[in-house]
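Have a look at the structure, try each task yourself, and then read the worked solution.

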Amino acid sequence: MKKLISLLLVLALALTLVACGGSGASSTSGAKTYKVGVAIYQYNDNFMTLYRQEIENYFKTLETDDVKYEITMVDGKNDMAEQTNQIDTFITQKMDVIICNLVQTSSAEVIIDKVVAADIPLILINREPLGDNGDESYEGIINNPKVCYVGADARQSGTYQGEIVLALPNKGDINGDGVVNYVMVVGDPENPDAQYRTEFSIKALTDAGVKVNELVKNVGNWDQAKGNEIVDAALAQYGKDIEVVFCNNDGMALGAAAAIEKHGRKVGEDIYLLGVDALTECQEMVKNGTMTGTVLNDHIGQSHAAVDAAVAALKGEALQNYYWVDYVKVDASYFG
Ligand code: GAL
């Protein structure tokens with residue numbers, strides 16, 4: 001009888017140990033389940049929809065008999081207060097790792113401080129908090145070994161937009177008056193992607209000695225309907241004077257394309273249209289000439305890099321501060 005009791009005690013102890021197994025992750029029948037919290041700035045965003053779907057797909061491919069990932073993904077609805085609550089909830093739920101696409105980069109410090117205090121690794125994605133010296137210098141990232149940023153250098157995407165225009169036989173100067181008259185449709189102005197694309201697309205032209213004139217610059221917040229409104233109004237006001245429409249993303253470029261069609265203008269003949277992201281439908285448009293060019297924002301590369309960083313953190317491996325994924329220029333020549 002004594003033997004049986006001590007056997008039962010040993011068994012109970014062993015079961016407790018298994019149940020408590022490592023770094024907060026739960027464990028049943030030998031498999032470890034890591035809890036992953038993913039906070040997206042807004043579900044209603046063409047590019048971030050592809051990105052977040054690939055985060056889930058890729059985590060699934062990494063599962064084994066021994067390791068599972070339980071993903072809790074939430075929509076910040078473009079509201080920083082809402083996202084802060086969501087991060088608080090992730091902390092209460094004791095997530096093993098958090099992936100966060102900030103609503104506002106100006107709130108990065110608050111979010112980083114909370115998550116670091118809870119000793120949870122934090123992977124920031126898509127919206128880069130900029131340090132005083134630009135990228136790769138944000139204090140909350142460089143000073144915290146369990147915090148990193150995964151993204152693409154938005155300057156490169158702006159430069160590529162400009163280079164696509166420079167590669168055109170008339171370099172964007174359709175009417176040959178020596179000046180490229182353009183419209184700039186800006187994403188969320190708080191977002192470095194919008195700031196850098198706006199600046200570097202034009203810089204590529206002026207660095208090459210091309211004279212430019214900005215007719216309209218307006219904020220479209222990455223949104224297709226807003227892109228449509230802005231370009232519709234610009235065409236109504238400036239008509240044939242507009243030679244190039246730069247959009248900080250493809251969502252807004254899709255809206256712009258509809259406005260261009262409505263005004264009876266023809267991309268490639270009497271106007272040029274540029275976007276960023278290389279959404280499938282925009283790649284088709286570049287192929288058939290209804291868009292001049294776009295820039296591939298590699299959601300596969302970025303989501304995989306983010307998940308790989310999360311998994312490395314779960315294994316207790318040291319993180320780099322920054323992980324960069326290249327953009328790719330997409331104009332007619334891309335399709336051979
Ligand atoms: C950009 C992308 C936009 C939008 C934005 C959200 O990188 O080009 O389409 O998704 O991120 O922060």
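**Exercise 1.** How much area is buried between domain 1 and domain 2, and what percentage of it do carbon and sulfur atoms give?

*Solution.* Keep in mind that this is a predicted model. Begin with the domains: domain 1 covers 31-152 + 299-325, and domain 2 covers 155-296. Their centres, taken over C-alpha atoms, are 31 Å apart. Next, look at who touches whom: 14 residues of domain 1 contact 13 residues of domain 2. Now for the area: about 1100 Å² is buried between domain 1 and domain 2, and carbon and sulfur atoms give 38% of it. On the domain 1 side, N46, F47 and R127 lose the most area to domain 2, together making up 36% of what that side buries.

**Exercise 2.** Find the salt bridge across the interface of domain 1 and domain 2, and describe the residues around it.

*Solution.* Between the two domains there is one salt bridge to look for. The side chains of R127 and D188 form a salt bridge, with N to O at 3.7 Å. That distance passes the cut-off, which is within 4 Å. Then turn to polar contacts: two residue pairs make them between domain 1 and domain 2. Sorted by class, the domain 1 side that touches domain 2 has five nonpolar, five polar and four charged residues.

Notes: Residues are numbered from 1 along each chain as its sequence is written. This is a predicted model: local features need pLDDT of at least 70, side-chain atom pairs count only at pLDDT 80 or more; totals for chains, interfaces and linings use all residues. Side-chain values use heavy atoms; hydrogens and water are left out. Domain bounds come from an automatic or database domain assignment. Contact means heavy atoms within 4.5 Å. Buried area is the accessible area (1.4 Å probe) that two parts lose on being put together, summed over both. A polar contact is a pair of N or O atoms within 3.5 Å; within protein, one must be able to donate a hydrogen and the other to accept it, and residues adjacent in sequence count only if both atoms are side-chain atoms. Ala, Val, Leu, Ile, Met, Phe, Trp, Tyr, Cys and Pro count as nonpolar, Asp, Glu, Lys and Arg as charged, and the others, Gly among them, as polar.
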